[in-house]
There are 2 protein chains.
Amino acid sequence: MSLASDQARPGAAEKPTLYKRIRLDIETRILTGEWPPGHRIPFEHQLMARYRCSRMTVNKALSELAQADLIERRRRAGSFVRRPQHLSAVLKISDIRAEITALGRSYGYQLIDCRRRTATAADRARLGVSTAGKVIAIACRHSADDVPFAVEDRLIDLSTVPEAATADFAREPPGSWLLHHVPWTEAEHTISAVVADDRTAKALDIAVGSPCLVIDRYTWRSARTVTAVRLHYPGETHRLVARFKGG
Amino acid sequence: MSLASDQARPGAAEKPTLYKRIRLDIETRILTGEWPPGHRIPFEHQLMARYRCSRMTVNKALSELAQADLIERRRRAGSFVRRPQHLSAVLKISDIRAEITALGRSYGYQLIDCRRRTATAADRARLGVSTAGKVIAIACRHSADDVPFAVEDRLIDLSTVPEAATADFAREPPGSWLLHHVPWTEAEHTISAVVADDRTAKALDIAVGSPCLVIDRYTWRSARTVTAVRLHYPGETHRLVARFKGG
DNA sequence: CACGATTATATGTCTAGACATATAAGTCAA
DNA sequence: TTGACTTATATGTCTAGACATATAATCGTG
């Protein structure tokens, strides 16, 4: 229960700032279970005395822990170790080109189909818009070391991204183009599993009936739809990895 | 470019604190694209003048934006709107029982098999441990409104969680038991797609060859393995949803 | 005992300073 | 032109206070 045990060791490579040390001390006690969920953390004035610093310094450490949901702060009552409600994992979904090149593999891209049209009823439903503006529909394939990696089926709303009309999607994959031309979007991903149909199997060079991982991504920016994309990955070779810290 | 336009409106329901208003103002400008990636945010002393407050208040707002990766702060140079490198989505993976009851459906649980044994070579590989301690191997099924929802295949390392030996997994699902008895763990999820084999198809009441979404979760706590679990979901009906804000 | 009013207290926010430190930018010599 | 040195400056951290505010605990009353 004691907070002692951490005088600045002279051997420490580089001592972090004080508030970071306070934060790490408390975080360590929580993560090792020394302070279990529900445990009350020492009051700010106690930590002030313990670390011989001002209240603002302690407060900064505790505020960051509260932001990270490791503790809960309640007025008059104190700060308490939280028991996390849900396991939230951070799933990194990179731009496919970046993902492949980061793996040290050569990236390949083939445009299968690209057409501009007035949004059909199906297009509007998929984009979640009611007015029938122009859209671009793209089908393409990504490969790593000349092995098919994923097939992409995308719709871009030209009323939100008019510049897309002039982009050359035969040269640059639409995901990369959008990433550089429409930053700071919001998105929702839906992950599911299907078996490959004829068209998908052919594009991915797998057998019909093989499992595929499907990611549907719907992207918007300030309440305006940007794009809707469906990616098929060969399910037996592709993996999505999500790390998390929680309870 | 001007930062004006936000005098405290009398009609505003409840005015947030000043630093939150500063943070929201800047966040809005970034998210709407008014300040694109690379744009330099006004210096702290400029924001002090703009909002007529002390530097610490401005600093708190900017620090939080930096923590959220919306801006990058560089000494002597200033603060700049970041271009996010990767699309990181937050995937909420709840305890299955909690997930089903949250949907307003009735939760059902069937223990298929539960045995305690000395870890085999396969068990050790799966848990990532080298010594052959005791483990519990569990197979069970979760259902929602009496429809199979997921099948679970789990290994618990008894040298990390000795209390698990006394738990009654015929009554309580192991995921829920662990969540309440071993808080604050870390985990890695791997998501993939397969087609149902005989055993899985029977347990989920689907056809052999149907697609299944597979989640492998490997959980540890302070460098000690806790559990490894593989979940099969019927791929055509189950969806994983991940929201994200980024670029 | 139940319930409303009062009080004490821990956190939430803010100020007006301070010194430390990394580094962009300018200066000067080779 | 290039490289080394100097300087200016924006951020990083910290202090010793302050008042606001929500609420747990206490007290008093019916």
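# A guided tour of a predicted two-chain model

Begin by selecting helices α2(A) and α3(A): E44(A), L47(A) and M48(A) of α2(A) meet R55(A), V58(A), N59(A) and L62(A) of α3(A). Keep in mind throughout that this model is predicted.

**Stop 1: two helices in chain A**

With both helices still on screen, look along their axes. Helix α2(A), residues 44–51, packs with α3(A) at an angle of about 115°, and the axes are 9 Å apart. That angle makes α2(A) roughly perpendicular to α3(A). The crossing of α2(A) past α3(A) is right-handed.

**Stop 2**

Two packed helices are described by the angle between their axes and the distance between the axes.

**Stop 3: two residues with positive phi**

Stay in chain B and select R52(B), in the loop between α2 (44–51) and α3. Most residues other than glycine have a negative phi. R52(B) has a positive phi, near 55°. Its relative accessibility is 77%, so R52(B) counts as exposed.

Next, jump to W184(B), which sits in the loop between α6 (174–181) and β8 (185–195) of chain B. Its phi is also positive, near 55°. Is W184(B) buried or exposed? With a relative accessible area of 5%, W184(B) is buried.

**Stop 4: the α6 helices**

Select residues 174–181 of chain A to bring up helix α6(A), which is mostly covered, with 6 of its 8 residues buried. The buried ones are P174(A), G175(A), S176(A), W177(A), L178(A) and L179(A). What do they pack against? Their partners in chain A are α4 (96–102), β5 (107–118), β6 (134–144), β7 (147–157) and β10 (224–234), and chain B contributes β4 (87–93).

Then turn to α6(B). Because 6 of its 8 residues are buried, α6(B) is largely enclosed by the rest of the structure. Pick out P174(B), G175(B), S176(B), W177(B), L178(B) and L179(B), the buried residues of this helix. They pack against β4 (87–93) of chain A, along with α4 (96–102), β5 (107–118), β6, β7 (147–157) and β10 of chain B.

**Stop 5**

In β6, residues 134–144, select H142(B). At 2% relative accessibility, H142(B) counts as buried. Beyond its neighbours within four places in sequence, H142(B) is in contact with I96(B), Y107(B), G108(B), Y109(B), V147(B), P148(B), F149(B), A150(B), E152(B) and P173(B). For a sense of scale, draw a line between the C-alpha atoms of H142(B) and T227(B): they are 85 residues apart in sequence and 18 Å apart in space.

In β10, residues 224–234, select P234(B). This proline is buried, with a relative accessible area of 9%. Apart from its neighbours within four places in sequence, P234(B) touches P148(B), F149(B), L204(B), I206(B) and P211(B).

**Stop 5: the nonpolar core**

In soluble globular proteins, nonpolar side chains tend to be buried together. The largest nonpolar core in this model has 51 residues, and F169(A), I191(A) and I191(B) touch the most other members. Centre the view on I191(B) and set aside its neighbours within four places in sequence. In chain A, I191(B) is in contact with I191(A), L213(A), H238(A), R239(A) and L240(A). In chain B, the contacts of I191(B) are L91(B), L213(B), V214(B), I215(B) and L240(B).

**Last stop: the cysteines**

How many disulfides are there over all chains? The count is 0. Select C212(A) to see one case: this cysteine is in no disulfide, and the nearest cysteine sulfur, that of C212(B), is 14 Å away. C212(A) counts as buried, at 0% relative accessibility. Finish with C53(A), which is also buried, with a relative accessible area of 15%.

Technical notes
Residues are numbered from 1 along each chain as its sequence is written. Chains are lettered from A and ligands numbered from 1 in the order in which they are written. This is a predicted model: local features need pLDDT of at least 70, side-chain atom pairs count only at pLDDT 80 or more; totals for chains, interfaces and linings use all residues. Side-chain values use heavy atoms; hydrogens and water are left out. A nonpolar core is a set of buried Ala, Val, Leu, Ile, Met, Phe, Trp, Tyr and Cys residues joined through side-chain atoms within 4.5 Å. Buried means under 20% relative accessible area, exposed over 50%, partly exposed in between (1.4 Å probe, protein chains only). Contact means heavy atoms within 4.5 Å. A disulfide is a pair of cysteine sulfur atoms within 2.5 Å. Helices (H or I, at least four residues) and strands (E, at least two) are DSSP runs, numbered from the N terminus. Axes are lines fitted to C-alpha atoms, for helices over the stretch in contact, and angles run from 0 to 180 degrees between N-to-C directions. Angles under 35 degrees count as roughly parallel, over 145 as roughly antiparallel, 65 to 115 as roughly perpendicular and the rest as oblique. A crossing is left-handed if the near helix is turned anticlockwise from the far one by less than a right angle, and right-handed if clockwise.
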